[in-house]
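Please look over the sequence and the structure shown below before reading the notes that come after them.

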Amino acid sequence: PVTGCEIFTYGGDYGRYPASDYNFNCNGIIAPDRRFNPHAYEVQYNYQNIWVRDISLADGKFEVYNENFFKSLDDVSLRLVIMSLERANVDSVDFTVEMGHVGPQERKVLSSNILKAALAEFEKKHPNSEIVVNFMFMSRKAGLLVDSGQVLARQQFIVRSYDFPTINDGHDSKVSKKCEGIKRQETDSYIRLTAGGVSMTVGKKSGWIDYLDINGQPMLLDRCSIKPEFWRAPTDNDYGANLQKEFAVWKSPTMNLKNIDVVDFNDGVRIVASFDMPEVHANLTMTYFMTALGEITVREQLDRDDSAKVSDMFRYGMQLQMPGKYSRIAYHGRGPVENYSDRKSSQFIIIEDTTVASLYYPYIRPQESGNHTDVRIFAVYDGVTGRGLSFESDGPMECSALNYLVDDL
(Lines give C-alpha, C1' and ligand atoms only; values in the text may rest on other atoms or scores of the structure.)
Protein backbone atom coordinates (compact mmCIF):
# COMPACT_ATOMS: atom_id res chain seq x y z
CA PRO A 1 0.00 0.00 0.00
CA VAL A 2 1.04 3.60 -0.57
CA THR A 3 1.89 5.14 2.81
CA GLY A 4 3.78 8.27 1.84
CA CYS A 5 6.83 6.98 3.74
CA GLU A 6 10.17 6.68 1.99
CA ILE A 7 11.63 3.19 2.31
CA PHE A 8 14.69 1.37 0.95
CA THR A 9 14.00 -1.96 -0.72
CA TYR A 10 16.46 -4.76 -1.41
CA GLY A 11 16.64 -8.45 -2.25
CA GLY A 12 13.74 -10.30 -0.72
CA ASP A 13 11.33 -7.49 -1.55
CA TYR A 14 11.15 -8.71 -5.15
CA GLY A 15 10.20 -12.37 -4.91
CA ARG A 16 10.66 -15.35 -2.69
CA TYR A 17 13.89 -16.68 -4.21
CA PRO A 18 15.90 -13.65 -5.34
CA ALA A 19 19.39 -13.89 -6.79
CA SER A 20 20.49 -11.49 -4.06
CA ASP A 21 22.63 -10.89 -1.03
CA TYR A 22 19.57 -9.31 0.61
CA ASN A 23 20.43 -6.10 2.48
CA PHE A 24 24.17 -6.72 2.34
CA ASN A 25 24.48 -4.77 -0.92
CA CYS A 26 22.66 -1.88 0.72
CA ASN A 27 24.72 -1.41 3.88
CA GLY A 28 27.86 0.45 2.76
CA ILE A 29 29.44 3.38 4.53
CA ILE A 30 26.97 5.76 2.86
CA ALA A 31 23.22 5.11 2.83
CA PRO A 32 21.14 5.21 -0.40
CA ASP A 33 20.00 8.76 0.41
CA ARG A 34 23.68 9.84 0.88
CA ARG A 35 23.56 10.00 4.67
CA PHE A 36 26.77 8.94 6.40
CA ASN A 37 26.30 5.65 8.20
CA PRO A 38 28.10 5.69 11.59
CA HIS A 39 31.06 3.68 10.28
CA ALA A 40 31.61 6.31 7.55
CA TYR A 41 33.01 8.68 10.17
CA GLU A 42 35.61 6.08 11.15
CA VAL A 43 36.63 5.62 7.51
CA GLN A 44 36.81 9.40 7.09
CA TYR A 45 39.04 9.74 10.14
CA ASN A 46 41.48 7.01 9.12
CA TYR A 47 41.66 8.30 5.54
CA GLN A 48 42.79 11.79 6.61
CA ASN A 49 46.27 12.80 5.52
CA ILE A 50 47.41 15.04 8.39
CA TRP A 51 48.42 13.68 11.78
CA VAL A 52 49.74 15.06 15.06
CA ARG A 53 52.15 13.54 17.58
CA ASP A 54 52.28 14.78 21.15
CA ILE A 55 55.85 15.68 22.01
CA SER A 56 55.04 17.80 25.07
CA LEU A 57 51.75 19.61 24.75
CA ALA A 58 52.16 21.10 28.23
CA ASP A 59 55.23 22.89 26.81
CA GLY A 60 53.41 23.73 23.58
CA LYS A 61 55.38 21.20 21.49
CA PHE A 62 53.90 18.81 18.95
CA GLU A 63 54.75 17.28 15.58
CA VAL A 64 52.69 17.64 12.40
CA TYR A 65 52.97 14.90 9.78
CA ASN A 66 51.86 15.59 6.22
CA GLU A 67 50.96 12.15 4.88
CA ASN A 68 50.24 13.48 1.37
CA PHE A 69 52.75 12.32 -1.24
CA PHE A 70 52.56 15.32 -3.57
CA LYS A 71 50.84 18.21 -1.75
CA SER A 72 52.09 20.63 0.89
CA LEU A 73 49.94 22.02 3.71
CA ASP A 74 50.22 25.61 2.49
CA ASP A 75 46.47 25.67 1.81
CA VAL A 76 45.60 24.39 5.30
CA SER A 77 45.27 26.30 8.58
CA LEU A 78 45.53 24.80 12.07
CA ARG A 79 42.99 25.62 14.77
CA LEU A 80 43.38 24.37 18.34
CA VAL A 81 40.53 24.03 20.83
CA ILE A 82 41.24 23.48 24.53
CA MET A 83 38.29 22.17 26.56
CA SER A 84 37.66 21.39 30.21
CA LEU A 85 35.00 18.70 30.49
CA GLU A 86 32.75 19.17 33.48
CA ARG A 87 29.03 18.57 33.10
CA ALA A 88 28.10 21.73 34.99
CA ASN A 89 30.82 23.87 33.46
CA VAL A 90 32.16 23.08 29.98
CA ASP A 91 34.75 25.72 29.19
CA SER A 92 36.77 26.17 26.02
CA VAL A 93 39.17 28.46 24.21
CA ASP A 94 40.34 28.28 20.60
CA PHE A 95 43.11 29.91 18.59
CA THR A 96 45.11 29.50 15.38
CA VAL A 97 48.69 28.26 15.20
CA GLU A 98 50.85 29.08 12.20
CA MET A 99 52.51 25.96 10.76
CA GLY A 100 54.68 27.50 8.07
CA HIS A 101 55.58 25.27 5.14
CA VAL A 102 55.08 21.52 5.62
CA GLY A 103 55.99 19.64 2.45
CA PRO A 104 54.75 16.27 1.19
CA GLN A 105 55.67 13.36 3.54
CA GLU A 106 57.35 15.88 5.86
CA ARG A 107 57.30 15.86 9.67
CA LYS A 108 57.64 19.21 11.38
CA VAL A 109 57.96 19.96 15.09
CA LEU A 110 56.09 23.09 16.16
CA SER A 111 56.34 25.03 19.40
CA SER A 112 53.45 27.29 20.43
CA ASN A 113 53.75 29.65 23.37
CA ILE A 114 50.02 30.38 23.02
CA LEU A 115 49.22 26.70 23.54
CA LYS A 116 51.59 26.46 26.51
CA ALA A 117 50.11 29.53 28.21
CA ALA A 118 46.51 28.54 27.49
CA LEU A 119 46.97 25.04 28.91
CA ALA A 120 48.64 26.39 32.05
CA GLU A 121 45.76 28.79 32.56
CA PHE A 122 43.15 26.07 32.00
CA GLU A 123 44.79 23.64 34.41
CA LYS A 124 44.84 26.34 37.07
CA LYS A 125 41.28 27.48 36.34
CA HIS A 126 39.88 23.92 36.26
CA PRO A 127 41.92 21.91 38.79
CA ASN A 128 39.58 18.91 38.93
CA SER A 129 38.29 18.50 35.38
CA GLU A 130 39.39 16.41 32.42
CA ILE A 131 41.18 18.63 29.89
CA VAL A 132 41.52 17.86 26.17
CA VAL A 133 43.11 19.55 23.16
CA ASN A 134 41.45 19.16 19.76
CA PHE A 135 43.51 19.78 16.62
CA MET A 136 41.55 20.79 13.51
CA PHE A 137 43.17 21.28 10.12
CA MET A 138 40.93 23.45 7.90
CA SER A 139 41.02 24.47 4.24
CA ARG A 140 42.00 28.11 3.70
CA LYS A 141 39.85 28.48 0.59
CA ALA A 142 37.25 26.63 -1.45
CA GLY A 143 38.31 24.13 -4.10
CA LEU A 144 37.04 21.07 -5.92
CA LEU A 145 34.72 19.23 -3.50
CA VAL A 146 36.06 21.32 -0.59
CA ASP A 147 34.45 24.32 1.08
CA SER A 148 36.39 27.16 2.64
CA GLY A 149 36.95 26.38 6.32
CA GLN A 150 36.10 22.69 5.91
CA VAL A 151 37.80 20.41 8.44
CA LEU A 152 40.15 18.12 6.51
CA ALA A 153 41.73 16.36 9.50
CA ARG A 154 41.28 16.33 13.26
CA GLN A 155 42.75 14.68 16.30
CA GLN A 156 42.19 14.78 20.07
CA PHE A 157 44.64 14.53 22.95
CA ILE A 158 43.78 14.16 26.62
CA VAL A 159 46.04 16.50 28.58
CA ARG A 160 44.61 15.74 32.01
CA SER A 161 42.86 12.41 32.44
CA TYR A 162 39.50 11.91 34.07
CA ASP A 163 39.68 11.07 37.77
CA PHE A 164 37.54 7.96 38.08
CA PRO A 165 35.93 7.52 41.51
CA THR A 166 36.74 4.76 43.96
CA ILE A 167 33.72 2.48 44.09
CA ASN A 168 32.62 1.21 47.51
CA ASP A 169 31.18 -2.30 47.19
CA GLY A 170 31.52 -3.18 50.86
CA HIS A 171 34.47 -5.53 50.53
CA ASP A 172 36.73 -3.21 52.52
CA SER A 173 34.06 -2.27 55.07
CA LYS A 174 33.85 -3.39 58.69
CA VAL A 175 31.04 -5.71 59.71
CA SER A 176 28.52 -4.05 62.01
CA LYS A 177 25.24 -4.99 63.67
CA LYS A 178 23.53 -2.06 61.97
CA CYS A 179 24.35 0.67 59.49
CA GLU A 180 23.01 4.03 60.64
CA GLY A 181 20.97 5.83 58.00
CA ILE A 182 19.73 2.75 56.15
CA LYS A 183 16.23 1.45 56.81
CA ARG A 184 15.93 -2.29 56.25
CA GLN A 185 12.72 -4.24 55.71
CA GLU A 186 12.76 -8.01 55.17
CA THR A 187 9.95 -10.45 54.42
CA ASP A 188 9.77 -13.97 53.03
CA SER A 189 9.59 -12.44 49.53
CA TYR A 190 12.04 -9.54 49.47
CA ILE A 191 14.71 -7.40 51.13
CA ARG A 192 14.14 -3.65 50.89
CA LEU A 193 16.84 -1.10 51.72
CA THR A 194 16.02 2.62 51.91
CA ALA A 195 18.44 5.53 52.32
CA GLY A 196 18.81 9.07 50.98
CA GLY A 197 15.41 8.93 49.29
CA VAL A 198 16.41 5.76 47.39
CA SER A 199 14.60 2.46 47.88
CA MET A 200 16.07 -0.78 46.49
CA THR A 201 14.05 -4.00 46.62
CA VAL A 202 15.82 -7.30 45.95
CA GLY A 203 13.57 -10.33 45.43
CA LYS A 204 14.41 -13.38 47.51
CA LYS A 205 13.09 -15.67 44.79
CA SER A 206 14.64 -13.77 41.87
CA GLY A 207 17.95 -12.51 43.28
CA TRP A 208 17.61 -9.35 41.18
CA ILE A 209 16.89 -5.72 41.96
CA ASP A 210 13.16 -5.99 41.22
CA TYR A 211 12.23 -2.42 42.17
CA LEU A 212 14.20 0.81 42.42
CA ASP A 213 12.40 3.95 43.61
CA ILE A 214 13.64 7.50 44.17
CA ASN A 215 11.51 9.73 46.38
CA GLY A 216 8.60 7.39 45.73
CA GLN A 217 8.98 7.45 41.95
CA PRO A 218 9.68 4.10 40.22
CA MET A 219 12.86 4.08 38.13
CA LEU A 220 12.10 0.66 36.62
CA LEU A 221 9.18 -0.54 34.56
CA ASP A 222 6.88 -2.65 36.72
CA ARG A 223 8.13 -6.25 36.98
CA CYS A 224 11.21 -5.49 34.87
CA SER A 225 14.21 -6.28 37.07
CA ILE A 226 17.82 -5.19 36.61
CA LYS A 227 19.49 -8.24 35.10
CA PRO A 228 22.77 -9.35 33.52
CA GLU A 229 23.04 -9.07 29.75
CA PHE A 230 25.16 -11.42 27.64
CA TRP A 231 23.47 -10.75 24.31
CA ARG A 232 22.93 -7.90 21.87
CA ALA A 233 21.07 -7.59 18.60
CA PRO A 234 23.17 -9.32 15.90
CA THR A 235 24.66 -7.13 13.14
CA ASP A 236 24.93 -7.78 9.41
CA ASN A 237 28.47 -9.10 9.88
CA ASP A 238 27.35 -11.31 12.78
CA TYR A 239 24.80 -12.95 10.50
CA GLY A 240 27.46 -13.33 7.83
CA ALA A 241 29.63 -15.23 10.33
CA ASN A 242 26.62 -17.14 11.73
CA LEU A 243 27.38 -15.83 15.23
CA GLN A 244 23.68 -15.52 16.06
CA LYS A 245 23.68 -19.33 16.12
CA GLU A 246 27.17 -19.97 17.49
CA PHE A 247 26.57 -17.68 20.50
CA ALA A 248 22.91 -18.66 20.97
CA VAL A 249 23.50 -20.28 24.38
CA TRP A 250 24.06 -16.78 25.83
CA LYS A 251 20.79 -15.28 24.57
CA SER A 252 18.63 -16.42 27.49
CA PRO A 253 20.79 -18.66 29.68
CA THR A 254 19.22 -20.29 32.71
CA MET A 255 20.18 -18.57 35.97
CA ASN A 256 19.08 -20.61 38.99
CA LEU A 257 19.24 -18.73 42.30
CA LYS A 258 21.17 -20.85 44.82
CA ASN A 259 21.24 -18.56 47.85
CA ILE A 260 20.97 -14.96 48.95
CA ASP A 261 22.72 -13.36 51.95
CA VAL A 262 22.51 -9.99 53.68
CA VAL A 263 25.42 -8.48 55.63
CA ASP A 264 25.41 -5.23 57.60
CA PHE A 265 28.50 -3.02 57.57
CA ASN A 266 29.35 0.22 59.34
CA ASP A 267 28.93 2.21 56.11
CA GLY A 268 26.31 0.21 54.21
CA VAL A 269 24.39 -3.01 53.65
CA ARG A 270 25.43 -5.70 51.18
CA ILE A 271 23.17 -8.26 49.52
CA VAL A 272 24.86 -11.16 47.73
CA ALA A 273 22.95 -13.46 45.38
CA SER A 274 24.56 -16.58 43.86
CA PHE A 275 23.32 -18.29 40.71
CA ASP A 276 24.06 -21.52 38.88
CA MET A 277 24.21 -21.28 35.07
CA PRO A 278 24.29 -24.93 33.91
CA GLU A 279 24.04 -24.32 30.14
CA VAL A 280 27.22 -22.22 30.11
CA HIS A 281 28.96 -24.12 32.94
CA ALA A 282 29.30 -21.02 35.10
CA ASN A 283 28.49 -19.53 38.49
CA LEU A 284 27.23 -15.95 38.73
CA THR A 285 27.57 -13.80 41.84
CA MET A 286 25.62 -10.53 42.08
CA THR A 287 26.54 -8.07 44.82
CA TYR A 288 24.33 -5.09 45.69
CA PHE A 289 25.78 -2.61 48.17
CA MET A 290 23.84 0.43 49.40
CA THR A 291 25.39 3.28 51.38
CA ALA A 292 23.66 5.69 53.75
CA LEU A 293 23.70 8.27 50.91
CA GLY A 294 21.49 6.04 48.77
CA GLU A 295 24.28 5.15 46.36
CA ILE A 296 24.09 1.62 44.99
CA THR A 297 27.04 -0.41 43.75
CA VAL A 298 26.28 -3.40 41.54
CA ARG A 299 29.04 -5.97 41.08
CA GLU A 300 28.64 -8.77 38.54
CA GLN A 301 31.09 -11.66 38.73
CA LEU A 302 30.98 -14.66 36.40
CA ASP A 303 33.16 -17.69 37.15
CA ARG A 304 33.20 -20.14 34.26
CA ASP A 305 34.55 -23.68 33.99
CA ASP A 306 37.46 -23.20 31.58
CA SER A 307 37.52 -26.91 30.75
CA ALA A 308 33.98 -26.76 29.32
CA LYS A 309 33.56 -25.87 25.66
CA VAL A 310 31.28 -22.84 25.69
CA SER A 311 31.09 -20.19 22.95
CA ASP A 312 32.04 -16.56 23.37
CA MET A 313 29.36 -14.05 24.30
CA PHE A 314 28.23 -10.89 22.49
CA ARG A 315 28.20 -8.71 25.61
CA TYR A 316 28.93 -8.76 29.34
CA GLY A 317 27.07 -6.22 31.42
CA MET A 318 23.74 -5.25 32.95
CA GLN A 319 20.46 -4.02 31.49
CA LEU A 320 17.34 -2.36 32.85
CA GLN A 321 14.10 -0.88 31.54
CA MET A 322 12.92 2.57 32.63
CA PRO A 323 9.54 4.27 32.11
CA GLY A 324 9.23 6.25 28.88
CA LYS A 325 9.30 9.66 30.55
CA TYR A 326 13.03 9.19 31.22
CA SER A 327 13.70 10.18 27.66
CA ARG A 328 16.90 12.22 27.90
CA ILE A 329 20.56 11.24 28.12
CA ALA A 330 23.54 13.14 29.47
CA TYR A 331 26.92 11.45 29.11
CA HIS A 332 30.63 12.16 29.32
CA GLY A 333 32.37 9.88 26.85
CA ARG A 334 33.00 9.30 23.15
CA GLY A 335 30.44 10.77 20.76
CA PRO A 336 28.25 12.12 19.38
CA VAL A 337 28.06 9.31 16.79
CA GLU A 338 27.65 5.76 18.11
CA ASN A 339 30.95 3.95 18.65
CA TYR A 340 32.30 0.55 19.65
CA SER A 341 35.57 -0.87 20.94
CA ASP A 342 36.78 -1.51 17.37
CA ARG A 343 35.27 1.68 15.90
CA LYS A 344 35.83 4.67 18.17
CA SER A 345 38.88 6.66 16.98
CA SER A 346 36.74 9.16 15.09
CA GLN A 347 34.61 10.02 18.12
CA PHE A 348 36.20 12.37 20.64
CA ILE A 349 35.63 12.58 24.39
CA ILE A 350 32.77 15.07 24.84
CA ILE A 351 29.94 15.99 27.15
CA GLU A 352 26.62 15.51 25.40
CA ASP A 353 23.02 16.13 26.41
CA THR A 354 20.51 14.59 24.01
CA THR A 355 17.44 12.38 23.68
CA VAL A 356 17.21 8.62 24.00
CA ALA A 357 15.55 8.55 20.57
CA SER A 358 18.59 10.17 18.93
CA LEU A 359 20.97 7.42 20.06
CA TYR A 360 19.43 4.84 17.74
CA TYR A 361 20.65 4.78 14.14
CA PRO A 362 18.20 3.32 11.59
CA TYR A 363 20.34 0.86 9.67
CA ILE A 364 18.80 -0.64 6.53
CA ARG A 365 18.09 -3.76 8.57
CA PRO A 366 17.43 -3.15 12.31
CA GLN A 367 20.36 -4.33 14.42
CA GLU A 368 22.66 -3.38 17.30
CA SER A 369 23.01 0.41 17.53
CA GLY A 370 23.62 3.34 19.86
CA ASN A 371 26.63 2.26 21.91
CA HIS A 372 29.16 4.71 23.40
CA THR A 373 32.62 3.80 24.69
CA ASP A 374 35.04 5.30 27.23
CA VAL A 375 32.07 6.65 29.19
CA ARG A 376 32.83 8.40 32.47
CA ILE A 377 29.25 9.28 33.50
CA PHE A 378 25.98 8.18 31.90
CA ALA A 379 22.69 9.66 33.12
CA VAL A 380 19.14 8.85 31.99
CA TYR A 381 16.65 11.45 33.18
CA ASP A 382 13.24 13.07 32.86
CA GLY A 383 13.60 16.32 30.90
CA VAL A 384 10.77 17.95 32.89
CA THR A 385 11.88 17.23 36.46
CA GLY A 386 15.57 16.56 35.86
CA ARG A 387 15.35 13.39 37.96
CA GLY A 388 16.65 9.99 36.91
CA LEU A 389 19.54 7.60 37.30
CA SER A 390 23.26 8.33 36.99
CA PHE A 391 25.77 5.55 36.33
CA GLU A 392 29.49 5.68 37.15
CA SER A 393 32.30 3.18 37.50
CA ASP A 394 35.93 3.03 38.61
CA GLY A 395 36.98 2.80 34.96
CA PRO A 396 35.69 3.56 31.44
CA MET A 397 32.27 2.07 30.66
CA GLU A 398 30.31 1.22 27.53
CA CYS A 399 26.67 2.39 27.67
CA SER A 400 23.61 2.74 25.51
CA ALA A 401 19.96 3.68 25.91
CA LEU A 402 17.37 2.88 23.27
CA ASN A 403 13.62 3.02 22.79
CA TYR A 404 13.73 -0.60 21.63
CA LEU A 405 14.29 -3.92 23.34
CA VAL A 406 17.09 -6.15 22.10
CA ASP A 407 14.46 -8.66 20.95
CA ASP A 408 12.76 -5.93 18.90
CA LEU A 409 15.98 -5.27 17.01
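## Basis of the description

This is a predicted model, in which local features need pLDDT of at least 70, side-chain atom pairs count only at pLDDT 80 or more, and totals for chains, interfaces and linings use all residues. Residues are numbered from 1 along each chain as its sequence is written, and side-chain values use heavy atoms, with hydrogens and water left out.

Helices (H or I, at least four residues) and strands (E, at least two) are DSSP runs numbered from the N terminus. Two strands are said to pair if DSSP finds at least two bridges between them.

Helix α2 covers residues 113-125, and at 1.5 Å a residue its 13 residues should span 18 Å, which agrees with the 18 Å between its end C-alpha atoms; the expected span is 1.5 Å times one less than the number of residues. The N-terminal end of α2 is capped by S112, which has a side-chain oxygen 3.4 Å from the backbone nitrogen of I114. Such a polar contact is a pair of N or O atoms within 3.5 Å; within protein, one must be able to donate a hydrogen and the other to accept it, and residues adjacent in sequence count only if both atoms are side-chain atoms.

L115, A118, L119 and F122 are the buried residues of α2, where buried means under 20% relative accessible area, exposed over 50% and partly exposed in between (1.4 Å probe, protein chains only). Viewed down the axis of α2, these buried residues fall within an arc of 100°, so they line one face of the helix; the arc is that of the directions from the helix axis to the C-beta atoms. An α-helix has 3.6 residues a turn, so residues three or four places apart point the same way. On the face turned away from the buried side, α2 carries the exposed residues N113, E121 and K124. The cover over the buried residues of α2 includes β2 (61-66), β3 (76-85), β4 (91-97), β6 (130-139) and β7 (151-160), with contact meaning heavy atoms within 4.5 Å.

## The open sheet

An open sheet of 3 strands runs in the order β1-β2-β5 with antiparallel pairing. Its edge strands, β1 (50-56) and β5 (107-111), each pair on one side only. Between β2 and β5, which run antiparallel, there are 5 bridges, and E63 has V109 in β5 as its bridge partner.

In β6, 10 of its 10 residues are buried. E130, V132, N134, M136 and M138 point one way from the strand, while I131, V133, F135, F137 and S139 point the other way. In a regular strand the side chains alternate between the two faces of the sheet.

The antiparallel pairing of β3 with β6 extends over 10 bridges, and the partner of V76 in β6 is S139. On β7, which runs antiparallel to β6, the two strands are joined by 8 bridges, and V132 stands opposite I158 in β7.

Strand β11 (residues 209-214) is mostly covered, with 5 of its 6 residues buried. Strand β10 (residues 198-203) pairs with β11 in the antiparallel sense over 5 bridges, and M200 has L212 in β11 as its bridge partner. These two strands, β10 and β11, form a hairpin with 5 residues between them, and G207 in the turn has a positive phi of about 85°.

The hairpin of β11 and β12 has 2 residues between the strands, and N215 in its turn has a positive phi of about 50°.
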